[in-house]
Amino acid sequence: MPGRAKKDATRGLRLNMIIDWLNKKTPYGGVTVKELAERFEVSERQIYRDLSAIENYLRVPLVRQETGKTVRVGIKAGYLPGLSPQTATVIFLSLLQQKGSALSGHLNEIKDALVSTLFKYHYDPKELAVEKLQKRIHIVEEALAEPEKVGGLFNALVQAIKDSHRVKIWYYTTHSGEETERVVEPYGLICKHQNWYLVGRCLKRNDIRVFRIDQIKDIFPYTTERFEYPADFSLSGYMASSWGVINDGKVCRVLLKFNKRVAHRVKNVLYHPSQKIEEELPDGSALVSFEVCGIAEMVGWLFQWGDMVEVLEPRWLREEMRALAERVARVYQNNT
C-alpha cells in the first residue's frame, strides 16, 4: 500500500517537526493546540492525536495547561534547543574534553541524554557516527586522581554560590604542606586549563582568596548563614589583570622577545587580554608586552619556552629567570 507508506512518512515528519517546535517554545510557556494546528495545516483533532503519539510512542513527556477552552502544551522536565548535527557534535566533543575533570561525574549521563534524545528524534546516528567519533578523538590533558570526589565538592560549592551561604573548607596549602580550616563566603568559580578554583572572602584572613578545588579535602555548608554578595565586586574584573588565578594587586609591564621559531604563536594565540605585539624585528623575532599581576605564576610559563623567549623587562624578572635557569642547570650537573 504505497499510499499508506507515504502518509505514515508524512505524519512521522510532522511529529518530529512538532517536537522541534515544542523544544523552541517550551521556555516561553509552550504553544497552544490551535497554533500547532495552524502551523502544520491540520485540524486540532489531528494535533491531539499527534500529541498522544508523541507521548505514548516516542516517549516524550508533555505538560498541558488549560485556560478555559485554550490548551497550551510544552515539554515536561526541560527542553532541547533546536541544534544542527554540527552544533550537536561540538557539544559532544566539549563533553569529551572534560573527562577526568571535576565535571566528569555527570558527563556520561549528559552524553547519553544528548545522544538518545537529540539524535533519536532529529538525526540519523549512523550519519553522525557518535561512537565511532568518540573512538577517534583522544584528549591529552591532566586528569584528577579522584574526579568523582572532587566533583561532589564542586557541586556543593556551586550550590553555596547559588544560595549565597558560607562554607567551611579543609584546604591543603601547597607552600606549607599543611591542611588549614577556613570559613569562606564563596563569590564564584574560575577555570584555567580545566582546573577549577574557588574565589571568595576568607573570614580568617578577612580578604579575598583563591582556592584550588582539588586541594579542598572536605566541605561543610553553613546553609543557615547567608552573606550579601558585594555589589561592587566583579569576578571578571577581579581576574582581568591576573596572569593565572592569583591577583596580588601588583600590575607590572612585562616585555618579552620571542624567537623567530615561535613568534608566529603570539600572532595566533592570545595568552592574556593585555597582550600586545610591540615590534616585529628584521630577524623574524617579535617583541611582545603584557600588563599583568600575579607574575609568580608567569615564571613557570616563561620557563617552558626554554631559550626561545627572553625576558627584557622588568629587570628583576629577568634576573629571576636567570637564577632559575642556573639552579636547574646545577641539578643536571650532578652526575648521580
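Visitor: In which helix is glutamate 55 found?

Guide: Glutamate 55 is found in helix α3. Some ground rules come before the details. This is a predicted model: local features need pLDDT of at least 70, side-chain atom pairs count only at pLDDT 80 or more, and totals for chains, interfaces and linings use all residues. Residues are numbered from 1 along each chain as its sequence is written, and side-chain values use heavy atoms, without hydrogens or water.

Helix α3 spans residues 44-56. (Helices, H or I of at least four residues, and strands, E of at least two, are DSSP runs numbered from the N terminus.) Glutamate 55 has a relative accessible area of 25%, so it counts as partly exposed. (Buried is under 20%, exposed over 50%, partly exposed in between, with a 1.4 Å probe and protein chains only.) Beyond residues up to four places away in sequence, glutamate 55 touches Val60, Leu62 and Arg64. (Contact means heavy atoms within 4.5 Å.) Isoleucine 75 lies 20 residues from glutamate 55 along the chain, with 9.9 Å between their C-alpha atoms.

Next, the strands under that helix. Helix α3 lies across β2 and β3, and runs at about 145° to β2. (Axes are lines fitted to C-alpha atoms, for helices over the stretch in contact; angles run from 0 to 180 degrees between N-to-C directions.) These strands belong to an open sheet of three, ordered β1-β3-β2, with antiparallel pairing. (Two strands pair if DSSP finds at least two bridges between them.) β1 (31-32) and β2 (62-67) each have a single partner strand, so one side of each has no neighbour in the sheet. β2 is joined by six bridges to β3 (residues 70-75). Leucine 62 has isoleucine 75 in β3 as its bridge partner.

β5 and β6 run antiparallel, joined by eight bridges. Cysteine 191 stands opposite tryptophan 196 in β6. The two strands form a hairpin with two residues between them, and histidine 193 in the turn has a positive phi of about 50°. β6 (residues 195-202) has six of its eight residues buried, so the rest of the structure largely encloses it. β6 also pairs with β7, antiparallel, over six bridges. Here arginine 201 has isoleucine 208 as its bridge partner in β7. The β6 and β7 hairpin has four residues between the strands, and asparagine 206 takes a positive phi near 50°.

Rings come next. The structure holds 16 aromatic pairs. (Rings of Phe, Tyr and Trp, the last by its six-membered ring, pair if their centres lie within 6.5 Å; planes under 30 degrees apart count as stacked, over 60 as edge-to-face and the rest as tilted.) Tyrosine 171 and phenylalanine 211 have ring centres 5.1 Å apart and planes at 85°, so this pair is edge-to-face. Tyrosine 171 is in β4 (residues 165-173) and phenylalanine 211 in β7 (residues 207-212), so the pair ties together parts 40 residues apart in sequence. Tyrosine 171 and phenylalanine 211 are both buried. For tyrosine 187 and phenylalanine 227, the centres are 6.1 Å apart and the planes at 45°, so that pair is tilted. Tyrosine 187 and phenylalanine 227 are buried too.

Last, the cores. The largest nonpolar core has 23 residues, and those with the most contacts inside it are Leu256, Phe258, Phe290, Met298, Trp301, Leu302 and Leu317. (A nonpolar core is a set of buried Ala, Val, Leu, Ile, Met, Phe, Trp, Tyr and Cys residues joined through side-chain atoms within 4.5 Å.) Among the elements giving two or more residues to this core are β9 (252-258), α11 (296-303) and α12 (315-333). Leucine 302 touches Leu256, Val309, Val311, Leu317 and Met321, leaving out residues up to four places away in sequence. A second, separate core has 19 residues, including Leu22, Leu36, Val73 and Ile75. That brings us back to isoleucine 75, the bridge partner of leucine 62.
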